[in-house]
Amino acid sequence: MKSYKKIMVIIFLGIAFSAAAHLDPVHAKSTLKTINLEEAIALAKQNSHDYKIALQRQKGDSEKVNQAWGMLLPVIESEASMLRQGADTGFLSMTDGQYDIRVVQVKFGINPGMFYNALQMSRKAYTVSTEDVKKIKSEIEYNVIESYFNLILAEEMITIRNETIALLAENLKDVNNLYKTGSVPRYDLLQAQVQLKSQEPLLIEAENRYRLALDMFNYQMGLDETIYRADRSIIEKNTYRAAEKDIDAFVARVGGIALKNRPEIVQLKMKKEIAGHMKNINDAYYLWPTFTAGGYYGFSKALPNATEAYLPTKDMGPGGEAGLGYMNLSGIAGDGKWQDNWQVRLAATYRWSALLPFDSTRAQAREAKARGLEAEEELIKVKRLITISIKSSYSSLLTSRQAIQSHRENVEKAKEGLRIARESYRAGVIKNSELLGAQMALTQAQAGYINGVNGYYQSLAKLRKDIGTDDDTTIFGGEGNE
């Protein structure tokens, strides 16, 4: 009997210590801050490097749209230049070079087909980066929601294990009292001790899962240390909604919405259209001429080395004979003074070599066409996968909702069954094994309820991701919404 008392003291001390430590195996709960789901998602986006990178990429792609529009603007500039040259004969021999100052110089050139398609490409590239931001945001939300409810599940499992230990400890106390009076055999006492002891590994396992879930939850929020814990009050709601009971009807209603909202679908559509515009850009080399315009106003100063030449002339001398004279060549070689000048140039250039099938532009156009067909096949594949994923997620949502309802009723029934079983055991109507069975039934019902709640929110988060929306009215907006 003394050894039994020692065992009881050790067990109850262990329960007391574990009750204080099991609530938070890593830190006391008072040292952790409670954070709700919306705050956790906002913090995760704030700390996510992928999200920040996607935002900067989106900003960069918006500037590409501005670059495309900039093709319509002429280049306006000023320029100063110096030219030095030399020649033995000809016009070039008359000057050593020239100084030029362009006060204002305008250059403009555009191929209409290239401009239009480049603008459309930049716009669609911006759409792709915008959808990338949306996709990363959706992934962050899903990961945070998943880790949030995994943490709540792990915490609840610790609570359930502690409650089970407390019930088994109370049962052991009752069995011991009955054993002292000779009402039950020693076998019942040993059985009660074994059942209580067998809960310790389950409690340790629950603690380890909680540690992992706590670390993962804070990791998903971009934190290097454990700071926050989940607010478990979110699972205390009484209603868990669903829409159509028929899965195919649900898919028929939200499938079109998913194909419009899913970032992957939009990105693949844009990828296909971008490939088409790339093909059109290369086709524009032979479909359209390139129009250019330019001009300048400025000053020039020639550096003549011979402004005059001694040449025979047709002028008659006093006697009517031919004579020699000087010809002024400053109009050709310049007179060494600054002269203002201007120029305007308009042109249309047609690149006929782009018609040849082996020209580089034709090869690039064929490559772009192949990329477009590739994107089209990817689009078909992704659409099918999204439909399957929506069916799977909604099926899980319906299953989890049914499990919540069933296990919620089972918990109440199991509590009442345990109360009756305990009174019956004390009255000697049932065996201890039957009482332990009633206690295990309560534990299983509680665990089933928590697992059902966790599965419901996980499925709901997956549906949001599948459909590409964070608005639950899209999910629950069908007829028969409960």
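Mentor: Let's start with a crossing: α6 passes α9 in a right-handed way. A crossing is right-handed if the near helix is turned clockwise from the far one by less than a right angle, and left-handed if anticlockwise. This is a predicted model, in which local features need pLDDT of at least 70, side-chain atom pairs count only at pLDDT 80 or more, and totals for chains, interfaces and linings use all residues. Residues are numbered from 1 along each chain as its sequence is written, and side-chain values use heavy atoms, with hydrogens and water left out.

Trainee: What counts as a helix here, and how are axes and angles defined?
Mentor: Helices are DSSP runs (H or I, at least four residues; strands are E, at least two), numbered from the N terminus. Axes are lines fitted to C-alpha atoms, for helices over the stretch in contact, and angles run from 0 to 180 degrees between N-to-C directions.

Trainee: At what angle do α6 and α9 pack, and what is that arrangement called?
Mentor: Helix α6 (residues 247–261) packs on α9 at about 130°, their axes being 10 Å apart. Under 35 degrees is roughly parallel, over 145 roughly antiparallel, 65 to 115 roughly perpendicular and the rest oblique. So α6 is oblique to α9.

Trainee: How are α9 and α10 arranged?
Mentor: The angle between α9 and α10 is about 160°, with the axes 6 Å apart. The two are therefore roughly antiparallel to each other. This crossing, of α9 and α10, is left-handed, with 22 nonpolar, 14 polar and six charged residues in the contact.

Trainee: What kind of aromatic pair do F149 and Y457 form?
Mentor: Rings of Phe, Tyr and Trp (its six-membered ring) pair if their centres lie within 6.5 Å; planes under 30 degrees apart are stacked, over 60 edge-to-face and the rest tilted. That rule gives nine aromatic pairs. F149 and Y457 sit 4.1 Å centre to centre with 5° between the planes, and the pair is stacked. F149 lies in helix α4 (residues 112–180) and Y457 in helix α10 (residues 432–467), so this pair ties together parts 308 residues apart in sequence. Both F149 and Y457 are buried. They also belong to one aromatic cluster with Y148, F217, Y240 and Y456.

Trainee: Where does R102 lie relative to Y296?
Mentor: R102 lies over the face of Y296, 3.7 Å from the ring centre. The rule asks for NZ of Lys or CZ of Arg within 6 Å of the ring centre and within 35 degrees of the ring normal. The charged end of R351 likewise sits over the ring of Y285, 5.0 Å from its centre.

Methods. Buried < 20%, exposed > 50% of the residue type's maximum accessible area, 1.4 Å probe, protein only. Nonpolar A, V, L, I, M, F, W, Y, C, P; charged D, E, K, R; others polar.
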